[in-house]
Every structure is written in structure tokens, then in C-alpha cells.
Amino acid sequence: MRLSQSPAVKTGLSISVATGLYGISFGALAVSSGLTFWQTVALSALMFTGGSQFAFIGVIAGGGAGSAAFGAATLLGVRNIIYGVQMNAMARPRGWRKAAAAHVTIDESTATAIVQPDLAESRRGFWTAGVGIFILWNVFTMAGALLGDALGDPKAWGLDGAAVAAFLALLWPRLKSRQPVAIAIVCALATVLVVPFVPPGVPILVAALVAGVWGWVGHRAEENKA
């Protein structure tokens, strides 16, 4: 199959553009939070996980210490460890590609990979989304950091919703039965309830804990039936 005809490549490119545009919002918000242009660029290039980056600048903007910002970013980045295990088994990178795969293992590249119908398409989707987002995210981060205050309120552009909408488009086909839908609803509700009371980055860990407990209880129930 030609790459231009691959559904996974088309999906990966689409999600790359949608998520990459979100980098403008991050760049502008990072600079307005007190980071320099080069600090903002380094954060996107080296940390490269949007949720953790926004958690980091959120703490800084709120007057928190660097250690607190790093802690919040780390908490939110824990999920990438789980992604990494799955993507390592799926992509099977070797040599320098292993380090590259680890760096581009994020929500979107993982989601693009797991919704594909076969292993070859999963690998194409993973690399297309991962590398595509890395390039565009950093390009648009620089653009946002350079434009800074000229953009006004980044949320007014609607860029904060682009990545969310694209990710939901990938997730929706996975919700084919009642149980995944129920888990999604319960996790979303848990996240909304704890947001006002916990630091940035913790709500998604609460959602992961809820999903994990649900899965464990369901697995035990199936074992008892057997």
C-alpha cells in the first residue's frame, strides 16, 4: 500500500495539524506566564507532552515554584509510561528509533495507532502522528512565543478545543459497547468533580485510577463466574 493511500497516515496527518495548531496557544501562554522564548521552545522540544507542559506553565503562572511545576508535569506524564509499554510491543523499534519512539509516544500517537485494523497500519499511524505532531507542535510553539501578547487571549481563537476534538474523533470508534461508554462517563465525572480541589495533572490520574479499579473489579468478577 502506498503511504498516500494509507488510512492511518491520513489520520496521523490530520491529528498532527489539529494538535500542532494547539502549540500556538501553548507558546503564547508560556511567554505570558513569564517564560522566555528559548525556555518555551526548550520545554516543547524536550518535554513534548502537551498536558504536562500546560500543567507546568499553569503552576508557574499561579506563582508556584519550579519544583511544584515540575511535580505537576511529572504526575500528568505518568500515563506515557503505560503508553510506552504498549507502543514498544507494537512498533518494535530498534537502535536510535527506540529513543525516537519513546519521545513521540503521546496521547495522540498512541490513539492513532490503537484504532487501526492491523499491525502495519498501527505502526504507520504511530510514526506519522508522533513525528508530525512533534514537528508542527514545535513550529507553532515558536510562532505563539514570538507573537505573544499580539494574539490576545489564546482561548479566544478556539485553539484549545482543536486537539480535544481531534482526540475525541479517534476515541469515539472505540466505544462500541456499553462498558467502555460507562467507564468513559464515570472517569469524566470523576475528573470534573476533583478539578477544583487538586493540583494540575492530578485529575487525569484520578480518572486512570477509577478506570483501573473498574477493570480490576470486572476481571475479578469474570474469574469468579468461571
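Hello everyone, and a quick word on ground rules. This is a predicted model, where local features need pLDDT of at least 70 and side-chain atom pairs count only at pLDDT 80 or more, while totals for chains, interfaces and linings use all residues. Residues are numbered from 1 along each chain as its sequence is written, and side-chain values use heavy atoms, with hydrogens and water left out.

Let's start with α2 (residues 37–47) and α8 (residues 119–147). Helices here are DSSP runs of H or I with at least four residues, numbered from the N terminus. The axes of α2 and α8 come within 9 Å and cross at roughly 165°. Axes are lines fitted to C-alpha atoms over the stretch in contact, and angles run from 0 to 180 degrees between N-to-C directions. The two helices are therefore roughly antiparallel, a label for angles over 145 degrees; under 35 is roughly parallel, 65 to 115 roughly perpendicular, and the rest oblique.

Who touches whom? Contact means heavy atoms within 4.5 Å. From α2 come Phe37, Thr40, Val41, Ser44 and Ala45, and their partners in α8 include Phe134, Trp137 and Asn138. This contact has 8 nonpolar, 4 polar and no charged residues. Nonpolar covers Ala, Val, Leu, Ile, Met, Phe, Trp, Tyr, Cys and Pro; charged covers Asp, Glu, Lys and Arg; the others, Gly among them, are polar.

Helix α8 also packs with α6, at an angle of about 70° and with axes 10 Å apart. That makes α6 roughly perpendicular to α8. On the α6 side we find Arg97, Ala100, Ala101 and His103, and on the α8 side Phe126, Trp127 and Phe134.

Next, α5 and α7 (residues 107–114) pack at about 40°, their axes 10 Å apart. These two are therefore oblique to each other. Their contact divides into 5 nonpolar, 2 polar and 2 charged residues.

Finally, the second largest pocket, which holds about 220 Å³ of space. A pocket is an open set of points on a 1 Å grid over the protein atoms alone, where a 1.4 Å probe fits, with protein on both sides within 12 Å along at least five of seven lines; lining residues have an atom within 4 Å of a point. The volume is the space filled by probe spheres set on the points, which are joined across faces, edges and corners. Which residues lie nearest the pocket's centre? They are Met47, Thr49, Ser52, Gly77 and Asn80, out of 14 lining residues. Helix α4 gives the most, with 4 residues.
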